[in-house]
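Could you walk me through this structure in plain words? I am seeing it for the first time and would welcome a friendly guide.

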Amino acid sequence: ELLQGELVIPEGTEKIGDYVFYNCSGLTSVTIPDSVTSIGDCAFSGCRGLTSITIPDSVTSIGDWAFSRCSGLTSITIPDSVTSIGDYAFGNCRDLTDITFQGTMEQWNNISKDTTWNNSTPDYTVTCTDGVLNKSGQQIS
């Protein structure tokens, strides 16, 4: 359901498929229900209008290129249920400043992430429940 750039994915949806919202540049907000467990490859790639995204607690995997080229994205909230983040998942998110991770610094560093997952992003911070990390995963406060 898409109204004026706002997408509400129906409750009961379990997977956001590959390429489903690829290059939907008019998309400005997405509500993902708690029934979703995985976000597919390139699912929101090129959605330049998205400024923030909150991934629900039910999600365990974020696919390759899932939010790549979302150049307007400044903040992301990731639950501690996530165990893997794919290649270039947030690549080329050039305005990214804040990631909020709803778990500990140790949990964040234990997520399976390819070295390219955050390729071409600025120096954002990751705020965890027990401290703040820099882009390289080093504690800064």
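Arg-69 is found in the loop between β7 and β8, where strands are DSSP runs of E with at least two residues, numbered, like helices (H or I, at least four residues), from the N terminus. Its phi is near 60 degrees, a positive value in a residue other than glycine. Most residues other than glycine have a negative phi. Arg-69 counts as partly exposed because its relative accessibility is 32%; buried means under 20% relative accessible area, exposed means over 50%, and partly exposed lies in between, with a 1.4 Å probe and protein chains only. Tyr-19, in the loop between β3 and β4, also has a positive phi, near 65 degrees.

Before going on, please keep in mind that this is a predicted model: local features need pLDDT of at least 70, side-chain atom pairs count only at pLDDT 80 or more, and totals for chains, interfaces and linings use all residues. Residues are numbered from 1 along each chain as its sequence is written, and side-chain values use heavy atoms, with hydrogens and water left out.

Now follow the strands. An open sheet of five strands runs in the order β3-β5-β7-β9-β11, with parallel pairing; two strands pair if DSSP finds at least two bridges between them. At the edges of this sheet are β3 (15-16) and β11 (112-113), each of which pairs on one side only. Further in, β7 (residues 61-62) and β9 (residues 84-85) pair in the parallel sense over two bridges, and Ser-61 has Ser-84 of β9 as its bridge partner.

Another set of strands can be traced from β8 (residues 75-79), which runs parallel to β10 and is joined to it by five bridges. Here Ile-78 stands opposite Phe-101 in β10. Look at the two faces of β10: Ile-99 and Phe-101 make up the covered one, while Asp-98, Thr-100 and Gln-102 make up the uncovered one.

From β10 (residues 98-102), three bridges lead on to β12, again in parallel. Ile-99 stands opposite Val-126 in β12, and Asp-98 stands opposite Thr-125. A hairpin through two residues then joins β12 to β13. These two strands run antiparallel, with three bridges between β12 and β13 (residues 131-133), and Cys-128 stands opposite Gly-131.

Let us finish with the charges. Side chains of opposite charge can pair when their charged atoms come close. How many salt bridges does a search of the whole structure find? It finds one, where a salt bridge is a side-chain nitrogen of Lys or Arg within 4 Å of a carboxyl oxygen of Asp or Glu. The side chains of Asp-18 and Lys-15 meet in it, at 3.8 Å from N to O. Asp-18 is partly exposed because its relative accessibility is 43%, and Lys-15 is partly exposed at 47%.

Elsewhere, Glu-11, Asp-34, Asp-57 and Asp-80 form a negative surface patch; for such a patch, like charges are joined within 9 Å, using residues with over 30% relative accessible area and no salt bridge. Asp-34 sits in the loop between β4 (29-31) and β5 (38-39), and counts as exposed because its relative accessible area is 54%.

Definitions and conventions
Patches are made of residues with over 30% relative accessible area and no salt bridge: like charges are joined within 9 Å, nonpolar side chains (Val, Leu, Ile, Met, Phe, Trp, Tyr) within 5 Å. Accessible areas come from the Shrake-Rupley method with a 1.4 Å probe; for residues, only the protein chains shown count as cover. Lys and Arg count as positive and Asp and Glu as negative; His and the chain ends are not counted. The place of a charge is taken as NZ of Lys, CZ of Arg, CG of Asp or CD of Glu.
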